[in-house]
Amino acid sequence: MSEVLELKNSLEFAKSLDEKDPLKNYRERFILPQHNGKDVVYFTGNSLGLQPKTTSSYIQQELDDWGKFGVEGHFLAKNPWMPYHEFLTDKMAKLVGAQPKEVVMMNQLTVNLHLLMVSFYRPTKQRYKILCEAKAFPSDQYALQSQIKFHGFDIDDALIEVHPREGEYTIREEDIFSAIEKNKDSLALIMIGGVNFFSGQVFDMKAITEAGHKAGAIVGFDLAHAAGNIKLHLHGWNVDFAAWCSYKYLNSGPGSVAGAFVHEKHLSNVDLPLFAGWWGHDKQTRFLMDKKFIPMQTAERWQMSNAPIFSMAACRASLDIFDEVGMDALIEKSKRLTAYLEFVIGEINKKKNNCLHIITPEKNRGCQISIVAHGYGKPLYNKLIENGVIPDWREPNVIRCAPVPLYNSFEDIHRFSEILISLL
Ligand SMILES: *Cc1c(COP(=O)(O)O)cnc(C)c1O
C-alpha cells in the first residue's frame, strides 16, 4: 500500500482523492440530510442507508397503478404485483453470491431468522446447542433464546457464546473453532452475525461453515451488516441459511423488506418442516386454493404472505443502483475510504495524546470503523451531531463510523476529522 504512505489529512488532498474516484458521481444519486444548509457528514449508512433519488418514482409507479387498476394491478400493473418479489431476486442473489432460486425477499430480518430456524434448528436430546458470538445484536439474542425455550431446553445450557478474550474487543476465530470442537457432539446450530455490528469484525464464514458441518451442525448467518458491504459467496461457502435486512447498506428505507437464503441442497427436501402460508405454495396451482400444501422448490417456499409492494419498490430502486455499480467496484472504493478514515484517526491521535482507539480489525473489516474515545462520553457524540456529523454512538464511549462507498466522499472524512479534532 505505497499509496497509504503518501496520504495527507488536508482538504485539498481529500478533494483530489474524490476527483480520482470512479464512483464520485453516485453521491448525486442520493438525498443527503442537511445541516445549516450543508450536506451532513453521514456515517450511519450501516444503520439506515440514505434514500436514492429514484426511490419515490419507483413507489409512485405502484401507487399510480393501484389507483388505476385496483385489484387488477396484480396482473395489469406495469410491474405486476403478483410476481413482484421476483423482480428483486436476481440482483439480490448476485449481491450475496447465491443462485436466484436460493434467495427470496420477504418479511423482516428477525422474522426471517425465526422462520428459517423453524426449519433448521431441529434440536434433539443429544444435539440441541446453538453457538453464537457474545454480545450478538440484541434481536438475535432474543431470537436464539426464545427458540431454545420454545423447544423446551435451558438457555444457559444450550446457548454457547464465544467471547473476545480479556482486554480484547474482537473474537479470535481460533476460539470459535475450539468451541465448535468442544461441543461437537451436542451442537445443533451455529448462528453468527457475518459482520459484527459493534466492532465491525468480519468473520471467516467459509471456514466457520466448514468447521460447523464437520461437527455435524447446521450453519446460518445474520448478514444485516454484511449485505451490500462485503463480498459474499453464500452458495459457494455452502452456508445452510442466512437472513439480512435491506435498510442498512442496502438503502431500501426504514423497516423495508428483508432477505432470506436457503442453500440449494435443502430445496429438494420437501419434507423439511416449516411454517407455511399460501405464498410458499406452488405458483401454478396456488389459486386452486386446494387443502394440500405443495411447497415450492425455491427459497420462495418460506414466504407466507403476499408481498409488501411499496417497500419492495424502494428495494428495487436501490438494487438497480447496486447492480449498475457492482460489488467489486464498491469494495474497491470502500477499502480506500476506510483506509483513509483510519489514517486520519491516526493523525488526530498524534495531536491528541492517542485518545482514539480503533477496535475494528485492520484486515477483517468492511466499511466500518468503531472507535473507543478514551475519556469522552455521550457529550462528544452530541457535539458531533450539533456540528453536522452523524455517526453512531454506543455506550459508554464507542463511535461507529461507516464511510459508505456509494455516497460518502474523502472530503466527508476530512470534514469529520476537522470537527472531531476541534472537540477533543
Ligand atoms: C439491524 C439488525 C437487526 C434488526 O432486526 P429487524 O428484524 O430488522 O428489526 C437484527 N440483527 C442484526 C445483527 C442487525 O444488525
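This is a predicted model: local features need pLDDT of at least 70, side-chain atom pairs count only at pLDDT 80 or more; totals for chains, interfaces and linings use all residues.
Strands here are DSSP runs of E with at least two residues, while helices are runs of H or I with at least four residues, both numbered from the N terminus; two strands pair if DSSP finds at least two bridges between them.

As background, the strands of a sheet pair through backbone hydrogen bonds, either parallel or antiparallel. The parallel case is seen where β7 (residues 129–133) and β9 (residues 187–193) are joined by three bridges, and Lys129 stands opposite Leu187 in β9.

Which residues surround the ligand? They are Leu109, Thr110, Phe137, Asp140, Asp222, Ala224, His225, Tyr247 and Lys248, a residue being counted if one of its heavy atoms lies within 4 Å of the molecule. By class, this shell has four nonpolar, two polar and three charged residues; Ala, Val, Leu, Ile, Met, Phe, Trp, Tyr, Cys and Pro count as nonpolar, Asp, Glu, Lys and Arg as charged, and the others, Gly among them, as polar. An oxygen atom of the ligand is 2.6 Å from an N or O atom in the side chain of Thr110, and for the side chain of Tyr247 the distance from a ligand oxygen to an N or O atom is 2.6 Å. In the case of His225, a ligand oxygen is 3.1 Å from a side-chain N or O atom. The protein covers 83% of the 390 Å² of accessible area that the ligand has on its own, with areas taken from the Shrake-Rupley method with a 1.4 Å probe.

Another open sheet is formed by four strands in the order β13-β14-β17-β16, with antiparallel pairing. Here β13 (356–358) and β16 (392–394) stand at the edges, each with a single partner strand, so one side of each is left without a neighbour in the sheet. The twist in this sheet averages 30° from one strand to the next. Three bridges pair β16 with β17 (residues 398–401) in the antiparallel sense, and Asp392 stands opposite Arg400 in β17. The loop between β16 and β17 holds Pro396, and the peptide bond from Glu395 to Pro396 is cis, with omega near 0°.

Residues are numbered from 1 along each chain as its sequence is written, and side-chain values use heavy atoms, leaving out hydrogens and water. Local features need pLDDT of at least 70 and side-chain atom pairs count only at pLDDT 80 or more, whereas totals for chains, interfaces and linings use all residues.

Technical notes
A polar contact is a pair of N or O atoms within 3.5 Å; within protein, one must be able to donate a hydrogen and the other to accept it, and residues adjacent in sequence count only if both atoms are side-chain atoms. Axes are lines fitted to C-alpha atoms, for helices over the stretch in contact, and angles run from 0 to 180 degrees between N-to-C directions.
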